[in-house]
Amino acid sequence: MAASSHSAVILVLLLLLLVVAFVPAPAAAVSPSKRPTHQPPSFPAGISTLRQLAASSSSGYATAAKPFTAQYFLQELDHFTFTPNSSRVFSQKYLLNDTFWRRKPTVGPLFVYMGGEADIEWLATTTGFMFDIAPEFGALIVFIEHRFYGESKPFGNDSYKSTDMLGYLTSTQALADFAILITSLKQNMSIVDAPVVVFGGSYGGMLASWFRLKYPHVAMGALASSAPILHFDDITPWSSFHDTGSQDFKSESLNCFSVIKAVWHVLDKRGSNDTGLLELSKTFRACKTVQFIYSLSSWLRTAFIHTAVMDYPTPANFLTNLPAYPVREMCKIIDSFPAGADVIDKAFAAASMYYNYTGDQKCFQVEGGDDDPHGFKGWGWQACTEMVMPMTVSNESMFPPSSFSYEKTSENCLAGYKVLPRMHWITSEYGGHKIDKVLKRFGSNIIFSNGMPDLWSGGGVLKNISSSIIALVTEKGAHHLDVRSANLRDNPDWIVEQRRQEVEIIHGWIDQYNKDIAQM
């Protein structure tokens, strides 16, 4: 889940009970009268070539070109009402990979990724763990796109134009979409008894855990990576996100932490008039003169937060190209300045690493640029309806102090979307309070994985709940690192061990499931 409001990640999935079809071409919206008949999905060709790519890759199978084929599924618009519009269908995109799928003697499992708030192909190319372990399990890999994201927009390009349309963007609707698509896929392929394990990171991880609880008859296990399902109501301290990010920088360099903490006041003072904004625009190499000081502070804040979120131990290009351990590298830049250097120059140089690590940017779009390159557009709506995750910034943080108010949030959402948030809907629908007591008697087969330096870890499940609801917590780590591609040369031992444990647990689930099926 990315850290700023436009890239945070939280949606959920829902239920579909009507028979719908797999179709080979996308359609933004299809009328029920034009619903096609069932057609079996096609699979990728060139399997031997793909295996050669995997074998020759120095950093694991997932770094080779992704061998998935795009499919489209006619999905019901509304699973929970019986109004005239509810029978409308839309084209939901999903991706298939059968490179390592075992068909005989025992059919291999389905590894299904719960798409979050972004284009599904982008998520698939940044999520390599399923590809890495599929050969060991003989698994069929499926990535399902979340409604209202990527190509899965129920109303095409008009999907964000009104609340009448956005009202169908909810976590419960999304979970039902996944349930119906998975069930129909298994029926179409005559593998109704094949075990299903769902995976997800960040918001997708939340969906994966909720899916296991809501649809245990569809998925027999879930790996929920960096899933802040407890970041609601008063379950988690509201300042945990920014406090954790601040500590990440402080652990690398106290000077680095202090420079970032000091820059906000200096920036506000220097940018308090037009002359100051003009000079700051030059300092920040803005493509055009900045009109609002908030734009500059937001530009810096995004760089520092996202760098902390993506503090991976290997080079990565998740939201942007970054080196290994980017927080350390950013602090090295700040610490390299001579004593007495301008604090704004230091902060700008550090932030430039986030925006221009490749060195190809001649200027920066501080205002008016595309801040949604991966399709996070629907998140604002979700945060203003059901995904209300209170956040504050404490005085101990390196970010400017801020508070949270349910009343102010309601006012802003009413002004922006003409809708009032349901502040406590998530905990009413999925639970969260006293989760250890509740799930100990109710749930099973869920892995909650978290690295403590991840800014979202404060809202995660950090202790084992039962013998089958396991919390794998690492002292190091970054946002859903474990579900990213393995890098066989550079992965530290602790992430290798964490993934080994995850594989062992999933093997146990599937072995027990197959024994139970055999006894039926």
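The protein chain has 17 helices and nine strands, where helices (H or I, at least four residues) and strands (E, at least two) are DSSP runs numbered from the N terminus. This is a predicted model, in which local features need pLDDT of at least 70, side-chain atom pairs count only at pLDDT 80 or more, and totals for chains, interfaces and linings use all residues. Residues are numbered from 1 along each chain as its sequence is written, and side-chain values use heavy atoms, with hydrogens and water left out.

**Exercise 1.** Describe how helix α7 packs with helix α8.

*Solution.* Begin with the geometry: α7 (residues 240-252) and α8 (residues 254-270) pack at an angle of about 135 degrees, their axes lying 5 Å apart; the axes are lines fitted to C-alpha atoms over the stretch in contact, and angles run from 0 to 180 degrees between N-to-C directions. The two helices are therefore oblique to each other, a class left over once angles under 35 degrees (roughly parallel), over 145 (roughly antiparallel) and 65 to 115 (roughly perpendicular) are set aside. Next, take the contacts (heavy atoms within 4.5 Å): Ser246, Phe249 and Lys250 in α7 meet Leu254, Cys256, Phe257 and Ile260 in α8. The residues of this contact divide into five nonpolar, one polar and one charged.

Key. Ala, Val, Leu, Ile, Met, Phe, Trp, Tyr, Cys and Pro count as nonpolar, Asp, Glu, Lys and Arg as charged, and the others, Gly among them, as polar.
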